[in-house]
Amino acid sequence: MSDDTAYHTLSPEEVLKALDTNAKTGLSRNEAATRLQKYGPNELKKKEGESIWDKIKEQFGDLLVRILLLAAIISFVVSLFEEKDEEFGVPGYVEPLVIFTILVLNAIVSIYQDYDAERALEALKDL
C-alpha cells in the first residue's frame, strides 16, 4: 500500500488489489491487527483549536473592520475638538461609541458562531 495512491480514481477491483484484500471476506483478524499496528487507526487527525485571542485578532483583522475602527477613532478625536453644539441633543462621542459597540457585538456573535460550528463538527466526527 502506498500513501500517494489516488484510490478514488481506481476501479473497485483495482482498489481491492492495491489494498491486498477481498470484497467478500475482508481482512483476517491477524491482517487487520497488523495493519492497525503499521498504519494506525482509521481516524481523522484532530486539529488543535484556535485560542480565543486568535479568534479575536481574526475578527479585527478584516479590512472593513479596520476601516470602521479607524473611522470610529477619527470621529472620537474630532468630537473632542468640536464645539459642544448639541443641536440634536446627542453628544459627539456617541457616534464612535455606537460604531465601536457594533464592532464588538459583531466579533462576539462571530466568535460564538465559530465555536458552535466547531462543536457541531466535533460531534459529527465522534459519530
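Which does Lys-55 count as, buried or exposed? Please also set out which salt bridge its side chain makes with Glu-118.

A: The model is predicted, so local features are taken only at a pLDDT of at least 70 and side-chain atom pairs only at 80 or more, whereas totals for chains, interfaces and linings use all residues. Residues are numbered from 1 along each chain as its sequence is written, and side-chain values rest on heavy atoms, with hydrogens and water left out.

Lys-55 counts as buried, because its relative accessibility is 7%; buried here means under 20% relative accessible area, exposed over 50%, and partly exposed in between, with a 1.4 Å probe and protein chains only.

The side chain of Lys-55 meets that of Glu-118 in a salt bridge, at 3.3 Å from N to O. The pair ties together parts that are 63 residues apart in sequence, because Glu-118 lies in helix α5 (residues 94–125) and Lys-55 in helix α3. A salt bridge is a side-chain nitrogen of Lys or Arg within 4 Å of a carboxyl oxygen of Asp or Glu, and a helix is a DSSP run of H or I with at least four residues, numbered from the N terminus. Unlike charges are the basis of such contacts, because side chains of opposite charge can pair when their charged atoms come close. Glu-118 counts as partly exposed, since its relative accessibility is 30%, whereas Lys-55 is buried.

The structure holds five salt bridges, and another of them lies in helix α3 (residues 52–60), where Lys-57 pairs with Asp-54. The closest N and O atoms of Lys-57 and Asp-54 are 3.8 Å apart. These two residues are three apart in the helix, and so about one helical turn separates them. Lys-57 is exposed, as its relative accessible area is 58%, while Asp-54 is partly exposed at 35%.

Elsewhere, salt bridges that share partners join Lys-55, Asp-114 and Glu-118 into one network.

Two members of that network, Asp-114 and Glu-118, also belong to the lining of the second largest pocket. On a 1 Å grid over the protein atoms alone, a pocket is an open set of points with protein on both sides within 12 Å along at least five of seven lines, and lining residues have an atom within 4 Å of a point. The lining divides into seven charged residues, one polar and one nonpolar; Asp, Glu, Lys and Arg count as charged, Leu is among the nonpolar, and Gly is among the polar.

Definitions and conventions:
On a 1 Å grid over the protein atoms alone, a cavity is a set of points where a 1.4 Å probe fits but cannot get out, and a pocket is an open set with protein on both sides within 12 Å along at least five of seven lines; lining residues have an atom within 4 Å of a point.
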